[in-house]
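Please read the sequence alongside the three-dimensional structure shown here. The report that follows takes up helices, loops and a ligand in turn.

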Amino acid sequence: MIANSFEYSAPGSLKEALALLAEGAKPLAGGMSLIPMMKLRLANPEHLVDIGRLPELNYIREEGGAIHIGAGVTHFEVESSPLLLGKCPLLAETAAYIGDIQVRNRGTLGGSVAHADPSADYPAALHALDAKIVLTSSEGTRTLSTEEFFLDTFTTALDPGEIVSEVIVPVDAGLTGTSYQKFLQPASGFAIVGAAARVRQEGGKFTMVRVGVTGLSGNGYRARNVEDALVGQDVTDANIKAAAALVADGQDASSDLHATAEYRAHLAGAYTARALRAALSRSA
Amino acid sequence: MTTTVTKLEKLVGKRIKRKEDPRLITGTATYVEDVKLPELLHAAILRSPHGAANIKSIDISKAAALPGVVAVYTGADILGVGSVVCAADLPGLRKPVHHILAQDRTYFVGHAVAVVVAKDRYVAADGVDLIEVDWQPTQAVTDPEKALAAGAPAVHPEWPDNTAFIHNQEGGDMAQAFADAEVVVKQRIVSQRLIPNPMETRGVVADWKQADKAMTIWTSTQIPHLARSILAGQLGLDENRVRLIAPEVGGGFGSKLNVYPEEALMGFVSMKLQKPVKWIESRRENFQTTIHGRGHVDYLEIAAKRDGTILGLKLKLIQDLGAYHQLLTPAIPTLSVLMMPGLYKFRNISAQVIGVFTNAVPTDAYRGAGRPEATHGIERMVDMLAAEIGMDPAEIRYKNFAGKDDFPFLTAAGLTYDSGDYAATLDKALEMIDYKGLREQQVQARAEGKLMGIGISTYGELCGFGPSPATPAGGWESATVKVEPSGKVTVMTGCSPHGQGQETSFAQIAADELGVPLDDVIVLHGDTSIVQYGIGTFGSRNTAVGGAALFYALQDIREKAKRFGAKMLGVEDGEVVLADGHCTDSNGNSVTFQQIAGAAYRGIVIPTGSEPGLVATRFWEPSNFAYPYGAHIIVSEVDKETGQIEIKRYLAVDDIGNIINPLLVDGQLHGGVAQGLGQALWEHGVYDDDGQLVSGTFMDYAMPRARMMPWIESAHTITPSPVNPLGAKGVGEAGTIGSTPAMVNSVVDALAPLGVRHIDMPMTAGKIWKLMQDSSIQEKKA
Ligand SMILES: Cc1cc2nc3c(=O)[nH]c(=O)nc-3n(C[C@H](O)[C@H](O)[C@H](O)COP(=O)(O)OP(=O)(O)OC[C@H]3O[C@@H](n4cnc5c(N)ncnc54)[C@H](O)[C@@H]3O)c2cc1C
């Protein structure tokens, strides 16, 4: 449980960090995913660039009707940010489900997003929020949707030398209700499945529905089939159940020591329904 | 001169905070890892990545050439060191030779193959990666039932049937019991492999001093003296020149009631290199190479009358031993046989234990060691019998309990239970939880479609290990009480507490007996150069056996102190009383205990026939085990949609004899219950068919967390043990033993309306969901 030897740099500015990353170094943020892999010698980077301490990546601010969150913001900061709690409670609620307090105090939003663990919590919420992921390298910056960004298990659209620098989420005040519901894997505390729902209703009908799912398969996803089944329909539990039952369709459900594919798919439906119900109860 | 003697408050029975906690809380305790010596070298171990493999060749040249590596040793180098010791014996037991490094074959994932010694632990770890082994993997077998099947791969080629031993025990007349039976219930019950995870993993520092031919070994162990004897033997050293120190030990739960290959290996390395060397087990190594617990497949049959009278219990126990015997491996399942009858008075048992070799790390004692499995068996079978004949689970227990007038009670398994009133304990539990009300609530809940369960377990255990003839290496315990000239008291116990809190409870006992303040007493243990020979800590024995030895040593001190006191007061021996820290004569004149201590060392006033000093040592041999028992009740509800189990209430009424410190008792019970619920609900050591340990990290091995624990309501009945002068029984394992059957019984009860009769542990949500799917299908078909 001792990592191979490696070089470590802690540059003082983003620019310097990006220059080192362009030379092939690997970013280190909270270290909560990277360090365990290094200790097991599953990851053996030669050069780590610590971006977790850069002030330039550490902010949460409202700008142009959206909330911009620096990649270096910790899970705990997300969970406890008054701005997020007030205007994008789904992300704060989701962050509170991550690991334990020690992990939340070190792990970062950018690190989790970049790592793209298929059982991580954020992807569900970010899909449901129509979030934007901002990528930066020494070459410049680009902004992707979540579906463009999360490609596969531990695989994202990040190019070598590029980092996640920011995550943009909408201000969801007023009539939108959201909820994240998670079924914990008993050993790791990661999601066996997690479902995030974001809904608006008017006159007894669903007017907007977003569902993001994590844990079920190799990659978190936006469950468009569930959304489509609900929008324009009456707000009834029967409709929620019927729509939620579609959530695993077309997904290649994972199977492991903790849950068979069959059980995971069942849970995905159950937790999607729970998230939808809870979100509804919070939508005015 | 007449003195007023203030009556001192008794400390025994009081909820006193642990004396050991300040150093633990402030991070100033010394664990093995904290031992730093000049020129200390560091070792890392190459381990088998295969469940079973031949080693065709090993090339250490690259590792040896790595700057900072001092030496690399393989199996060929250690043949002069004695192999790993198994102290247990059974007729016809097959004992494979367990070298401290593998020879030409490895038998389980984690099997030690080579050791790299380097200037620091980082270089040592890099060196391990540079060793090249030409492996020839062969087919492994990890499931004990598959290992018994014809044509299974042989774990040890010399024993193709993979059978280490077959042990039979009969009590009464089983054939008659079955002939008389009106109902027989059969069930296969699994007690899955568990992986002990003390917060502190194992670790060893060995320091050989050639000039003195003296070895000092620091090791995280529960049995310092036994480990010293064994290691001296393995290393060919004089026992009196080996000093073994168990410093702060961060938990053991039985996993450190053992002597492992790495302990002799570090001794060997230190002797070779003439330098001290340290090895600290990583968490991954802990999962792979420290013993596992349980590993039973039990085939049980219970024979009974329709009125609920149990006639007999039959058991075929298949014990997954792993690849080797560790210190007590083959003995553990035989303890299960002894506890088969539980608290019940039926007279007939019949048991066959088949010890099976598998390509897995050995199983051995883990909190409860054989008794949780047995209790789970009998408590499940009693519930299944009750369900079969339509009787209430509480009622069937009352019907079969040994009565309070039956003690000492000779069981069908040949043990003599010391004392008890089982019905009174169950009465108390049922009343506290309002059992009648709960059953009414359950009817209501079921009508509403809810899956509510009530599970009872009335467990018994044998602890206070134990009479020496019944143990592999002596079952007595020792204590020395050393009163200093100032009257301060040092207790040295042969026990090796590592979390149980005897630095506090033994100080309470000593302070009461001698009438000194609690803070005047310190308790030392774990260093063979300081403490007289002792047996150690396991089997809930510290208080019942070690405490008894201490009690008698304190009586010797009292007697001697009284003689000095009488002499000092100028009266005859026997005309004084020693109480409240004073020795007082019939005229009310007194001297303090401290004055007596001073006089005993000053040596001017010496009672006739006595001698200076105030020190006593006693070795105490118990005449029997002690037998705690209790009733645990769990109210649960199963989520119909997901299969997730919620514990609504947990009640434990335990009878552990007299209680020295209720705070320590709570701690032991809570921890035990957590471990038992861990087994019932989450924990599972899983090997795949190739011998890979699938649940080999905390990402996959579900240790219970604080947030997963229910509130535990706890109460006691008190039936003192007549076996020892303290009347104490033991509480270290009670929680683990009582909790698992209560949990399973509760969930089976919840699912009974669906036709569920039994569920094997761990009762994961996925398993329960699947069961509900299957039973609803059955229901629809019916
Ligand atoms: C005990 C434990 C429990 C956990 N439980 C959960 C849980 O329940 N749910 C959950 O979602 N997660 C869980 N995690 C993971 C945790 O959330 C991590 O913090 C997170 O996945 C990674 O963030 P980090 O900042 O620690 O990244 P690091 O570990 O530093 O890095 C992770 C990877 O991302 C790369 N990286 C880091 N930052 C960036 C960036 N800005 N741009 C590009 N690449 C980057 C690194 O190079 C590395 O490859 C748990 C972790 C632990 C140790």
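This is a predicted model: local features need pLDDT of at least 70, side-chain atom pairs count only at pLDDT 80 or more; totals for chains, interfaces and linings use all residues.

Helices (H or I, at least four residues) and strands (E, at least two) are DSSP runs, numbered from the N terminus.

Residues are numbered from 1 along each chain as its sequence is written, chains are lettered from A and ligands numbered from 1 in the order in which they are written, and side-chain values use heavy atoms, with hydrogens and water left out.

**Helix pairs in chain B**

Two packed helices are described by the angle between their axes and the distance between the axes. The axes are lines fitted to C-alpha atoms, for helices over the stretch in contact, and the angles run from 0 to 180 degrees between N-to-C directions. Angles under 35 degrees count as roughly parallel, over 145 as roughly antiparallel, 65 to 115 as roughly perpendicular and the rest as oblique. A crossing is left-handed if the near helix is turned anticlockwise from the far one by less than a right angle, and right-handed if clockwise.

Helix H10 (residues 371–389) of chain B and helix H18 (residues 734–751) of chain B have axes that come within 8 Å and cross at roughly 30°, and H10(B) and H18(B) are therefore roughly parallel to each other. The crossing of H10(B) past H18(B) is right-handed. Their contact (heavy atoms within 4.5 Å) involves, among others, Arg371(B), His376(B) and Asp383(B) of H10(B), with Thr736(B), Pro741(B) and Val748(B) among the residues of H18(B). The residues of this contact divide into 5 nonpolar, 5 polar and 4 charged; here Ala, Val, Leu, Ile, Met, Phe, Trp, Tyr, Cys and Pro count as nonpolar, Asp, Glu, Lys and Arg as charged, and the others, Gly among them, as polar.

Helix H14 (residues 502–514) of chain B packs with helix H15 (residues 542–569) of chain B at an angle of about 30°, their axes being 10 Å apart; H14(B) and H15(B) are therefore roughly parallel to each other, and their crossing is right-handed. Among the residues that make the contact are Phe506(B), Ile509(B) and Leu514(B) of H14(B) and Gly546(B), Leu550(B) and Arg558(B) of H15(B). The residues of the contact of H14(B) with H15(B) comprise 8 nonpolar, 6 polar and 2 charged.

Helix H11 (residues 393–400) of chain B packs with H12(B) at an angle of about 165°, with their axes 10 Å apart, and that makes H11(B) roughly antiparallel to H12(B). H11(B) passes H12(B) in a left-handed crossing. Ala394(B), Arg397(B) and Tyr398(B) of H11(B) make the contact with Ala423(B), Leu426(B), Asp427(B) and Leu430(B) of H12(B).

**Loops in chain B**

Asp434(B) lies in the loop between helix H12 (422–433) and helix H13 (435–447) of chain B, and its phi is near 55°, a positive value in a residue other than glycine.

The loop between strand E18 (451–460) and strand E19 (477–483) of chain B contains Ser468(B), and Gly466(B) also has its place in the loop between E18 and E19. A cis peptide bond, with omega about -25°, joins Phe465(B) and Gly466(B). A polar atom of the side chain of Ser468(B) lies 2.9 Å from the backbone nitrogen of Gly475(B).

**The ligand and chain A**

The ligand is surrounded by 30 residues, the closest being Pro27(A), Gly31(A), Leu34(A), Thr108(A) and Asp121(A), where a residue is near a molecule if one of its heavy atoms lies within 4 Å of it. The table lists polar contacts, each a pair of N or O atoms within 3.5 Å; within protein, one must be able to donate a hydrogen and the other to accept it, and residues adjacent in sequence count only if both atoms are side-chain atoms.

| Residue | Backbone atom to ligand oxygen |
|---|---|
| Ser33(A) | 2.8 Å |
| Gly99(A) | 3.0 Å |
| Ser112(A) | 3.3 Å |
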